[in-house]
Amino acid sequence: MNVRLPGKQAYRSGYSMLWQKVPMSCRQMILLETLGVKMSFLEPIPSHLQLPVAVTCYWVRCSEPKVKLHQLKALLLMIISGELHRITHDPDPTILHAEDDSIAYNEFLKWKEKKLQNKDFDLDAAHSFCQWQCCLQMGLYLNQLLCTPLSEPDLSRLYSGTLVHRLYQELKSTPSVENLFSLSPKMTQLCQVLLNTVESTVSPDFFQKMTKTSSESCKKKKASNKRKKPIRCAISETQHLCSVNRFASLGVDD
């Protein structure tokens, strides 16, 4: 007699049915306590960005090696670019659309068309951004299991490996890239809110300590690289993986 065991989807649906009986506030508390974020920190943030920002807070606190400030800023600028794309292409009819947003988005497109001067591929940054993707993936799974106590983000606009790596490279050499969306006061304010939210979950000197540690580790790497030959085949494979949006299949089932 053949016994057919239920698949992962069946188990997931069964657990979700159980969680539906739990009050929304309890489910939200479980999710946020897992990520180590208080809801009061997320209240100034648009609802569809609260989960990615909560995941980002967890990523900054728990990643090894530690997240660098330029990596965090590159990630947040990437999120802002997706938000700017959303409000210029799918505007909310109930909200007056600002012309500044369209101007800022057009300037952003012109910036993207420029050739990147520094094309060096940073493996440390690739590793860090891949960790963020993994954190987001698990955050999405947990949110769906708990019957979405936080709104699901638009994954198609949330992450671009190519864009986040370019932003990171340019932030290292051209700090003015931080003002990429300065023509839109709304996006400038949102970017600052996101940054303040993430920084509020770590100690005030968190990134200052990182600067000292990274400079010391850089010296050690240079010394070790003289004794080792670079592994080129691994770079191309990692670069490919980090340019792929792996979240397309994580949408909530109707």
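## A salt bridge across the chain

The side chains of E178 and K73 pair up in a salt bridge, 2.9 Å from N to O; the term covers a side-chain nitrogen of Lys or Arg within 4 Å of a carboxyl oxygen of Asp or Glu. E178 sits in the loop between α9 (161–173) and α10 (185–199) while K73 belongs to helix α5, so the pair ties together parts that are 105 residues apart in sequence. Helices here are DSSP runs (H or I, at least four residues), numbered from the N terminus.

How exposed or buried are the two partners? E178 is partly exposed at 33% relative accessibility, and K73 is buried at 16%. Buried means under 20% relative accessible area, exposed over 50%, and partly exposed in between, using a 1.4 Å probe and protein chains only.

## What you're looking at

This is a predicted model, where local features need pLDDT of at least 70 and side-chain atom pairs count only at pLDDT 80 or more, while totals for chains, interfaces and linings use all residues. Residues are numbered from 1 along each chain as its sequence is written, and side-chain values use heavy atoms, with hydrogens and water left out.

## Other salt bridges

The structure holds seven salt bridges. One of them stays inside helix α5: R86 meets E83 at 2.7 Å, N to O, and the two are three residues apart, about one turn of the helix. R86 is partly exposed at 24%, whereas E83 is buried at 6%.

D154 and R157 make another, at 3.1 Å from N to O. D154 is partly exposed, with a relative accessible area of 35%.

## Helix α5 against α10

The axes of α5 and α10 come within 10 Å and cross at roughly 140°; axes are lines fitted to C-alpha atoms over the stretch in contact, with angles from 0 to 180 degrees between N-to-C directions. The two helices are therefore oblique to each other. On the α5 side the contact includes K73 and E83, and on the α10 side L195 and V198 are among the residues involved. Contact means heavy atoms within 4.5 Å.

## The core

The largest nonpolar core has 57 residues, and W59, V60, L72 and L167 have the most contacts inside it. Helix α5 (residues 69–89) gives the largest share, 10 residues. Such a core is a set of buried Ala, Val, Leu, Ile, Met, Phe, Trp, Tyr and Cys residues joined through side-chain atoms within 4.5 Å.

Leaving aside residues up to four places away in sequence, L72 touches T56, W59, V60, V67, L195, V198 and F207.

Notes
Parallel < 35°, antiparallel > 145°, perpendicular 65-115°, else oblique.
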